[in-house]
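Colleague: Could you walk me through this model before I set anything up with it? I'd like to start with the overall picture and then go into details.

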Amino acid sequence: MMTVDSSNTALWIMIVLAGIVLIAIGFAVILPLLKGKRRLPETPQDLGGPQNTSDIQSTVQLEKEESILAPSTTLRQALSQTEQNLFGRLKGIFSSEAQNKHFDEIEEVLYTSDLGPQTVERLMDAVKNQLSRSERGNIDLVKLALRHEFEDIFAKAQINEPDPQHPANYLHLDSKPSVWMIVGVNGAGKTTSIGKLAAHLGFANRKVLVAAGDTFRAAAGNQLKTWTDRAQVEIFSPPGVTDPSAVAFDACAKGASQGYDVVIVDTAGRLHTQTNLMEELKKMKRVMAKSIPGAPHEVLLVLDANSGQNALIQAKQFHEALGVTGVVLTKLDGTAKGGVAVGLANELKIPIRFIGVGEKIGDLRPFSAKEFVESIL
Ligand SMILES: Nc1nc2c(ncn2[C@@H]2O[C@H](COP(=O)(O)OP(=O)(O)O)[C@@H](O)[C@H]2O)c(=O)[nH]1
Ligand SMILES: [Mg+2]
């Protein structure tokens, strides 16, 4: 009897264990299917092979992850593509023979590096105050004095060093959804930057909705769709709706009701001098607040670094109209002199959040004042 009893017990234990294993397997297989959207892999090791049913999608996914994890160029490389950057030009001066002309020439280089007169004055005063006449002939001392002043300028604009593990976290992400309105003149790089930002956020496991608020040009919607496909995030582009405020309002409502983390609203490019179009942006902003109190949580101004002093003027006017909370400075990989970042921080105290260093999806970097100063000086 004892033997039969214990073999029965063993049998029961085996049946129960087998049941537990089957249930566990069931959960592992069924739960991800029920969740629907696959999350992005966390590490390069997770990128072992194709993960989508479609090979094309897999390739895009892999390219995306690789380019975000290992951007093709460093900031210094991107900026050094031009000999026109600040330090390149300062170095030129110091290697010349005419020692006594150095100081005037430094001033000239600064004036022609898109910093803006106010910032140049501040920098020159700092160099004068910190260095004696003879010390001003020493490039290392001048560089040090300038670097110190640059760092102070960025610190006062509340530019915090980004956390490389969580590049998007220093944007407003505490509300759910966080609504970001993207503004700027035509061609500044709004749509491209939205694609790159969405990819960053997707990579950080955020559920992103991109609203096609540029309803002026038919091509704008298609261009945005290409980018949201690349970033593998959803686009909100209701057919036939031509009022950008209506798109923004509905996108916010969808974002709130369907559990999105971030709603990014694209807008049509406009000149800061076009009053009626600026009024329309203000309306879009008001309408978003009606849909979600407190929205938009970020008003990100996209500025083309090549537009030099004009970038500062644009920033002032967009800021006055909309209360800009941060800047995305694009095309620093081109011939931009870089000084505009310093001028912006000094004159407007608006933090630069991201910089664009190319046309690919991974060519967006959280702005690090430290890295930036090291790259231009
Ligand atoms: N080299 C470079 N080109 C950029 C960058 N950002 C945007 N662009 C290019 O600038 C052009 C205008 O960009 P787009 O996003 O359409 O500007 P929008 O009119 O403000 O939406 C496109 O050709 C982009 O590829 C960047 O960081 N570097
Ligand atoms: Mg656009």
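Modeller: Of the contacts in the chain with a separation of 6 or more, 76% are between residues 24 or more positions apart, where two residues are in contact if their C-beta atoms, placed from the backbone, lie within 7 Å. This is a predicted model, in which local features need pLDDT of at least 70 and side-chain atom pairs count only at pLDDT 80 or more, while totals for chains, interfaces and linings use all residues. Residues are numbered from 1 along each chain as its sequence is written, and chains are lettered from A and ligands numbered from 1 in the order in which they are written.

Colleague: How many helices and strands are there in the chain?

Modeller: The chain has 14 helices and eight strands, taken as DSSP runs (H or I of at least four residues for helices, E of at least two for strands) and numbered from the N terminus.

Colleague: And what share of the residues counts as buried?

Modeller: Of the 377 residues, 41% are buried, a term that requires 20 or more other C-beta atoms within 10 Å of the residue's own, with exposed meaning 12 or fewer, partly exposed lying in between, and the C-beta atoms placed from the backbone.

Colleague: What about the largest nonpolar core, which residues have the most contacts inside it?

Modeller: That core has 87 residues, and Val210, Ala211 and Ile264 are those with the most contacts inside it. The largest share of this core, six residues, is contributed by helix 8. A nonpolar core here is a set of buried Ala, Val, Leu, Ile, Met, Phe, Trp, Tyr and Cys residues joined through C-beta atoms within 7 Å.

Colleague: What does valine 210 contact, leaving aside its neighbours within four places in sequence?

Modeller: On that basis valine 210 is in contact with Ile194, Ala198, Leu224, Thr228, Val233, Ile235, Phe236, Ile264 and Asp266.

Colleague: Switching to ligand 1, which residues are closest?

Modeller: Ligand 1 is surrounded by 19 residues, and the closest are Gly189, Lys190, Thr191, Thr192 and Gly356; a residue is included if its C-beta atom, placed from the backbone, lies within 6 Å of the molecule. Helix 8 (residues 190-203) supplies the largest share of this shell, three residues.

Colleague: How do the residues of that shell divide into nonpolar, polar and charged?

Modeller: The shell around ligand 1 has three nonpolar, 11 polar and five charged residues, with Ala, Val, Leu, Ile, Met, Phe, Trp, Tyr, Cys and Pro counted as nonpolar, Asp, Glu, Lys and Arg as charged, and the others, Gly among them, as polar.

Colleague: Now helix 12, which of its residues are buried?

Modeller: In helix 12 the buried residues are Ala311, Leu312, Gln314, Ala315 and Phe318. They lie on the same side of helix 12, because they cover an arc of only 160 degrees around the axis, the arc being that of the directions from the helix axis to the C-beta atoms. What covers these buried residues includes strand 1 (178-183), strand 5 (298-304), strand 6 (326-330) and helix 13 (339-348).

Colleague: What happens just after helix 12?

Modeller: Glycine 323 follows there, with a positive phi of about 70 degrees.

Colleague: Which residues other than glycine have a positive phi?

Modeller: Among them are aspartate 114, whose phi is near 65 degrees, and lysine 331, with a phi of about 65 degrees. Aspartate 114 sits in the loop between helix 5 (102-111) and helix 6 (117-130), and it counts as buried because it has 25 C-beta neighbours inside 10 Å. Lysine 331 belongs to the loop between strand 6 and helix 13, and it is buried, with 23 other C-beta atoms within 10 Å.

Colleague: Where are the cis peptide bonds?

Modeller: The bond from lysine 176 to proline 177 is cis, with omega near -5 degrees, and proline 177 lies in the loop between helix 7 (139-156) and strand 1. The bond from alanine 295 to proline 296 is also cis, with omega near -5 degrees, and proline 296 is in the loop between helix 11 (275-291) and strand 5.

Colleague: Last one: leucine 329, buried or exposed?

Modeller: Leucine 329, in strand 6, is buried, with 27 other C-beta atoms within 10 Å. Its C-alpha atom is separated by 5.0 Å from that of leucine 303, 26 residues apart along the chain.
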